[in-house]
Amino acid sequence: LQGIFVLGLPYALLHSGYSGLLLIVLAAALCCYTGKILIACLYEENEDGQLIRVRDTYEDIANVCCKKLSPSLGGVVVNVTQVVELIMTCILYLVVSGNLLSHSFPYIPVTEKTWSVIAFVTLLPCIFIRTLKIVSKLSQLCSLVHFVIIFVVITYCLTQMHQWSWAKFRLSLEFEDFSVSVGVIIFSYTSQIFLPTLEGSMKNPEEFRCMLNWTHFFACVLKTTFALTAFLTWGEKTKEVITDNLPSFLETLVNLCLLTKALLSYPLPFFAATEIVYSCISKDNHSNYRSPLLALTVRGSFLLLTLLMAMFTPHFALLMGLSGSVTGAAMTFLLPSLFHLKLQWKKLSFLEKCADISVFILGFLCSLAGIVCSIKGLLEVFG
């Protein structure tokens, strides 16, 4: 919930104004709610009225909901969506790595795309990652570096309080800018694809709802504080990656820390995406799944794909907005509410049904608007 993509939140406030603050809070509440109903879809009541976990993954839920159309249709849709979201996350790590390097060493005559290629070279060892144990250690380092970065940025912003002005917030909004901001904010909260595994691995699964409440509450507070202090400090000069606004004596240090975090964060979504592909392949041909050559080919192809996409769409906020509008909205709002209605329609109260339907409609509208505006923005940049 506190990934590197919070760096785009101040830029989202630039285009959404006061409504952006409301969106950060609303997105936290809605994501927390859909996380709960998604986990509820894993359970069914037995003859004694006790809840029993009968499903393990997001894919299992989707397959049950779509079994009348096709036994595996739902799982295919969910897996494709998950892989797209994870790959887009990897692409964003490469994009931001190139951006950070170019701003850290402006005196070196190297383009941002070339810096992305250099960052890509350091990620080649990811081809040989075969277990989650290595990834988990890298993720722990990422968390530590991330909080150091947030602390430094907020501390600097607080030293500039004398120039803060609420007049920097926009009252009138451009629909297209606002829609892209919605995608950015949604993408900063997406975590639904990991929740079934997380809940299943908890020592006390009954505490999951409480855990979800507190994590989203603290995430909301930290995101709001970070985005607000940064935007009040730089106002209309707020850039896509907020660290670009820092003075030179801090920018290089923070950017190098962010670069380290981005590169260490890359293996997690990369590993998760390749594991999904491997699990699908193993269902059809178990022997090929064990082939080391096939494993290296798939990982290498994924690595190359992220580099090519990073080279052709080097626009951090627009790409993040598009990702949030497509895969983020689908996995976070559309599918959980739809599956919950499908599996537990008879047990839901009228208000619960209204809540699920409202979340679905809201998610669909935000997704549609965000897709159109993000694509239009990317086309204008290339044009």
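Reader: What makes up the secondary structure of the protein chain?

Author: The chain comes to 15 helices and 2 strands, where helices (H or I, at least four residues) and strands (E, at least two) are DSSP runs numbered from the N terminus. Residues are numbered from 1 along each chain as its sequence is written, and side-chain values use heavy atoms, with hydrogens and water left out. Because the model is predicted, local features need pLDDT of at least 70 and side-chain atom pairs count only at pLDDT 80 or more, whereas totals for chains, interfaces and linings use all residues.

Reader: What share of the residues is buried, and what share of the contacts joins residues 24 or more positions apart?

Author: Buried residues make up 51% of the 383 residues; buried means under 20% relative accessible area, exposed over 50%, and partly exposed in between, with a 1.4 Å probe and protein chains only. Among contacts (heavy atoms within 4.5 Å) with a separation of 6 or more, 80% are between residues 24 or more positions apart.

Reader: Why are H3 and H4 called oblique to each other?

Author: The axes of H3 (residues 58–65) and H4 (residues 73–104) cross at roughly 140° and come within 6 Å. Axes are lines fitted to C-alpha atoms, for helices over the stretch in contact, and angles run from 0 to 180 degrees between N-to-C directions. Angles under 35 degrees count as roughly parallel, over 145 as roughly antiparallel, 65 to 115 as roughly perpendicular and the rest as oblique. The pair H3 and H4 is therefore oblique.

Reader: Which hand does the crossing of H3 and H4 have, and which residues meet there?

Author: H3 passes H4 in a right-handed crossing; a crossing is left-handed if the near helix is turned anticlockwise from the far one by less than a right angle, and right-handed if clockwise. Tyr58, Glu59, Ala62 and Asn63 of H3 meet Leu73, Gly74, Gly75, Val78 and Asn79 of H4. These residues divide into 4 nonpolar, 4 polar and 1 charged, where Ala, Val, Leu, Ile, Met, Phe, Trp, Tyr, Cys and Pro count as nonpolar, Asp, Glu, Lys and Arg as charged, and the others, Gly among them, as polar.

Reader: How do you know that H3 is largely enclosed by the rest of the structure?

Author: Of the 8 residues of H3, 6 are buried, so H3 is largely enclosed. The buried residues are Tyr58, Glu59, Ile61, Ala62, Asn63 and Cys65.

Reader: What does Ile61 touch, and which residues touch the most other members of the largest nonpolar core?

Author: Leaving aside residues up to four places away in sequence, Ile61 touches Leu38, Cys41, Leu42, Arg55, Phe339 and Leu343. A nonpolar core is a set of buried Ala, Val, Leu, Ile, Met, Phe, Trp, Tyr and Cys residues joined through side-chain atoms within 4.5 Å. The largest one has 97 residues, of which Ile61, Leu94, Ile185, Tyr189, Tyr266 and Phe339 touch the most other members. H4 gives the largest share of this core, 13 residues.

Reader: Why are H2 and H9 described as roughly antiparallel?

Author: H2 (residues 18–40) and H9 pack at an angle of about 160°, with their axes 9 Å apart. The two helices are therefore roughly antiparallel, and H2 passes H9 in a right-handed crossing. Their contact divides into 12 nonpolar, 4 polar and 3 charged residues.

Reader: What makes H6 and H9 oblique to each other?

Author: H6 (residues 132–159) and H9 (residues 208–234) pack at about 40°, with their axes 9 Å apart. H6 and H9 are therefore oblique, and the crossing of H6 past H9 is left-handed. By class, this contact has 10 nonpolar, 3 polar and no charged residues.

Reader: Why is Thr89 classed as it is?

Author: Thr89, in H4, has 11% relative accessibility and therefore counts as buried. The C-alpha atoms of Thr89 and Ser265, 176 residues apart along the chain, are 9.6 Å apart.
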